[in-house]
Amino acid sequence: MSLQYVVSQLIIMTFFSYAISSSVNFTSAWVKLHYNFTFTMNLKHLNSDANAYYLEFMRASSKESTSVLEVDLTHLQVGVSERYMPRILTMSYNSMRMVKTTLTDCTHSDAGLYFCFLGRNQVPDCKFRLYILDLDAITSTLGKDIKMTFDFSKISMPKKESISIMYGNMAEVISWREMLVVRKDSIKPSVNPNFGRDIHTIHEQGGSILHVTLTDVMPEDSGFYACFFVQSKEMINYCGFELIILDLKGISVLEDNNAVMFFYLNSMNISKDLNLSIAFKQEEHYTFTDMLSISPDLSVEVSEAFRSRVTSHKKEYERLVIVTLSHVLLADGGDYRCLQNGQKIPFCGYKLTVHVEESQDSNQVNTLENRDAEMVFRISQLVENTSKVIIEFQHSSTENTQRVLTINVSDIKKSYVETKYYRRVTYKFEQTTRAVTVRLKKVTLADDGVYKCYVEATLDCVQKLNVFAPRIKHVVHKPWNIHEGESFQVTCDKSRFRYPADVINVIDMSLRKQSLGQPTFNIIASYKPNAKKELTFHGPTNRTWIPSYSGGSDPNTISLTLNITGVIAEDAGEYECDSFASTKDRGRIHYSLISWVTVKPKRATEAPQQATNAPEKPEENTDGESNRTS
């Protein structure tokens, strides 16, 4: 995995210098729920005979620590403990004696203290506390008034304590500043006069409910509004909001289709003498990646990462540049924003949402990780004396069930959501239509499975929730220049995908082709190792295309190959190897790998040659992952 790809997934990045002479005793860091946390260990100035450096973790409620990783100081090799193996990414820089570590998909169980050890001795100045931000999101557009309601009734407040509402900016390093303070002995909150915004507050129910209104919101108001105790400076869990201010046009496309964006350079906000950059930021990340640059004469230069999939054309009279992103991936979802001199241009850009194809079955719901899923249970057996409707969940890989919510039909106010789902599930019961609508927030692969609806103790209706993970690899090879009449070979196998160690089996492997100028990929061949172990072929019947497969459930032996002889111009395009695999702890993971084929006119005198993608391998980093170049 490239350094650029790792950095692009940061929510916060705090640089820790672990020199023993450091004067820093304690560092606090915040990361949003299900985001990645990255920190860098600087080992250059360590003065010790010890040959190993350790990082350990202790939950706030526990007195026992757990090993996270160990660094061999001689060779700067990193060993990750078994518990963290699937979730820790590391990158070593031998010349600078630095190790960059990323903890992926942070959850509440990752909150706590992290300690460093040199040999058997704890490094006194090396410890940091990680907080997990799990706040309800409020989305608005520019110029609106936003009201946030803080409920302090369930907060156990120590004596002589007060509550501060702090604002945290959306940046790689989150910095906090005080917005207002709520004191026990005062009915009216004290607003910070230096906060720089017009704030209106209303107190209700003896001070336990506080309404805070921001007027005429701007993009700069986006961020986290969280509760802290003033004296202890501890953050209060589940108290606060994440405010998201939108100023981009929204477009929505299905995976594998094209996304078209229009950029008018005659806008009053855009300088006609400077280059305009279009930068991309993945959903729920804060790091931008350059996609293309538009010069004042409307010429376009596309960055290497997007070069194979981005085309553009211009209309000089309107000073309009039309950009087409082909073969859209789930990972392409996010913000495409205009920048000049590194500054964002308001109202210039797009928010792209990529969807998986909706299920044709009304009893199935398809969604992606970290998005909300809505399931509708239509009850058929509801009668007058019915008292309860119960929703239960069964994961795809187990037979165990767990209750999600209980609806009291006779008195809806007595309905309740189970503790595990309390902050993630909302529901609505329509008595007249006999429908229960359940909304599950921020789904993960662990939510994939069957949701059963029981009336009293009788099974009444079922919904299947399919949760898909975005592709975690997408490697574009250098174009193959093949002449008409020659032959080439495309191979999909385990060695090219480089599955992680926790892969149990390969569910599906397919080979797809997208012809030049076409919006979608067409399946050529597919192979399901654990099903019928049969090859399905959809290639042309009048051509010499020979597919073959090998292997069983062992992912090390699976291979899917396509040989194409007598190449013609129509064979040009992108050939994609696509694979779904199941893992021990992370559910399903999705890999894709693309080879780009260009067909040239037939050679005049040379004999036919064969091209193959088998020997070609993506460039590797020190962490063993492939560079993501598209």
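**Aromatic pairs and strands in a predicted model**

The structure holds 17 aromatic pairs, where rings of Phe, Tyr and Trp (its six-membered ring) pair if their centres lie within 6.5 Å, and planes under 30 degrees apart count as stacked, over 60 as edge-to-face and the rest as tilted. This is a predicted model, in which local features need pLDDT of at least 70 and side-chain atom pairs count only at pLDDT 80 or more, while totals for chains, interfaces and linings use all residues. Residues are numbered from 1 along each chain as its sequence is written, and side-chain values use heavy atoms, with hydrogens and water left out.

One of the aromatic pairs is formed by Trp30 and Tyr131, which are stacked at 5.5 Å centre to centre with 15° between the planes. This pair links distant parts of the chain, since Trp30 lies in strand E2 (residues 27–32) and Tyr131 in strand E10 (residues 121–133), 101 residues apart. Helices (H or I, at least four residues) and strands (E, at least two) are DSSP runs, numbered from the N terminus. Trp30 also forms an edge-to-face pair with Trp176, at 5.5 Å centre to centre and 65° between the planes. Here Trp176 belongs to strand E14 (residues 176–182), 146 residues apart from Trp30. Both Trp30 and Tyr131 are buried, as are both Trp30 and Trp176; buried means under 20% relative accessible area, exposed over 50%, and partly exposed in between (1.4 Å probe, protein chains only). Ring pairs link Trp30, Tyr131, Trp176 and Phe228 into a cluster.

Strand E14 also takes part in an open sheet of six strands, in the order E11-E19-E18-E13-E14-E15, with mixed pairing. Strand E11 (136–141) and strand E15 (190–191) stand at the edges with a single partner strand each, so one side of each is left without a neighbour in the sheet. Two strands pair if DSSP finds at least two bridges between them. E11 runs parallel to strand E19 (residues 235–246), joined to it by six bridges, and Thr139 has Ile244 in E19 as its bridge partner.

Attention now turns to strand E26. Six of the six residues of E26 (residues 320–325) are buried, so this strand is largely enclosed by the rest of the structure. In a regular strand the side chains alternate between the two faces of the sheet. In E26, Leu320, Ile322 and Thr324 point one way, and Val321, Val323 and Leu325 the other way. Strand E21 (residues 259–264) pairs with E26 in the antiparallel sense over six bridges, and Phe262 stands opposite Ile322. Strand E25 (residues 310–315) likewise pairs with E26 in the antiparallel sense over six bridges, with Thr311 opposite Thr324. E25 and E26 form a hairpin with four residues between them, and Arg319 in the turn has a positive phi of about 50°.
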